Amino acid sequence: MRMFTQHLRSLIDRMPISRPVVLAILTGPIVGAMLALASARAQDANAVITIDNFTFAPPELNVTVGTTVKWVNHDDIPHTVVEKNTTFRSKALDTDDSYSFTFKTAGTFDYFCGLHPHMVGKVIVKP
Ligand SMILES: [Cu+2]
């Protein structure tokens, strides 16, 4: 990166137009890309829990408030996702169906499959 910067600098020195203009032209797309990356990170508040072989994976997930969690059923039989206090409840998910829920409050959310109650999982939401 340093070599690249030095190379850039010598190039800029040899250019007939003013340095600030060149810098603006060169850094514009870089700054734009960095901003895009930053906003992508901010929006990256999502997580996936898979259902495979009657198991939620990961069985315990830690997220922050605002995160959208998506459950995806990879089994050949339907499953549901039901929170203990019915904070959320999906319909029956067929193979490759998914259900998403956005956690707006902090807390521990225990859930299970309504069709196979021995299937349990937990989402821990931090402020
Ligand atoms: Cu199930």
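## Elements of the chain

The model described here is predicted. Two helices and eight strands are found in the protein. Starting at the N terminus, the order of these elements is α-α-β-β-β-β-β-β-β-β.

Of the 127 residues in the protein, 14% are buried. Among the contacts in the protein with a separation of 6 or more, 44% are between residues 24 or more positions apart.

## The open sheet

An open sheet is formed by four strands, in the order β2-β1-β4-β6, and its pairing is mixed. The edges are held by β2 (55–57) and β6 (98–102); each has a single partner strand, so one side of each has no neighbour in the sheet. On average, and with direction ignored, neighbouring strands of this sheet are turned by 20° against each other.

The strands β1 and β2 run antiparallel and are joined by three bridges. Asp52 is placed opposite Thr55 in β2.

## The nonpolar core

The largest nonpolar core consists of 13 residues. Ile49, Val69, Trp71, Val81, Tyr99 and Val123 are the residues with the most contacts inside this core. Two or more residues of the core come from each of β1 (46–52), β4 (68–73) and β7 (107–112). In soluble globular proteins, nonpolar side chains tend to be buried together.

Which residues does Ile49 contact, leaving aside its neighbours within four places in sequence? They are Phe56, Ala57, Pro58, Leu61, Val69, Trp71 and Gly121. Val69 and Trp71, listed here as contacts of Ile49, are also among the core residues with the most contacts.

Gly121 belongs to strand β8, residues 120–126. Gly121 counts as buried because 21 C-beta neighbours lie inside 10 Å, and the cut-off for a buried residue is 20 or more. Along the chain Gly121 and Tyr111 are ten residues apart, and their C-alpha atoms are separated by 5.3 Å. When neighbours within four places in sequence are left aside, the contacts of Gly121 are Ile49, Phe56, Pro59 and Tyr111.

Pro58, one of the contacts of Ile49, is located in the loop between β2 and β3 (60–64). The peptide bond leading from Ala57 to Pro58 is cis, and its omega is near -5°.

## Two histidines in one loop

The loop between β4 and β5 (82–83) holds His74, and His79 is also placed in the loop between β4 and β5. Is His74 buried or exposed? His74 is exposed, because 12 other C-beta atoms lie within 10 Å and a residue with 12 or fewer counts as exposed. His79, by contrast, counts as buried, with 25 C-beta neighbours inside 10 Å.

The two histidines can also be described by their surroundings. Apart from neighbours within four places in sequence, His74 is in contact with Thr50, Ile51, Asp52 and Asp96. The separation of His74 and Asp97 is 23 residues in sequence and 8.0 Å in space, C-alpha to C-alpha. For His79, not counting residues up to four places away in sequence, the contacts are Ile51, Asn73, Leu93, Cys113, Leu115, His116 and Met119. His79 and Cys113 lie 34 residues apart in sequence, with 6.0 Å from C-alpha to C-alpha.

Where is Thr86 located? Thr86 is in the loop between β5 and β6, and Asp96 also lies in the loop between β5 and β6. Thr86 is not a glycine, yet has a positive phi of about 50°. Asp96, likewise not a glycine, has a positive phi of about 70°.

Thr86 counts as exposed, with 8 C-beta neighbours inside 10 Å. Asp96 is exposed as well, with 9 other C-beta atoms within 10 Å.

Notes: Residues are numbered from 1 along each chain as its sequence is written. This is a predicted model: local features need pLDDT of at least 70, side-chain atom pairs count only at pLDDT 80 or more; totals for chains, interfaces and linings use all residues. A nonpolar core is a set of buried Ala, Val, Leu, Ile, Met, Phe, Trp, Tyr and Cys residues joined through C-beta atoms within 7 Å. Two residues are in contact if their C-beta atoms, placed from the backbone, lie within 7 Å. Two strands pair if DSSP finds at least two bridges between them. Axes are lines fitted to C-alpha atoms, for helices over the stretch in contact, and angles run from 0 to 180 degrees between N-to-C directions.
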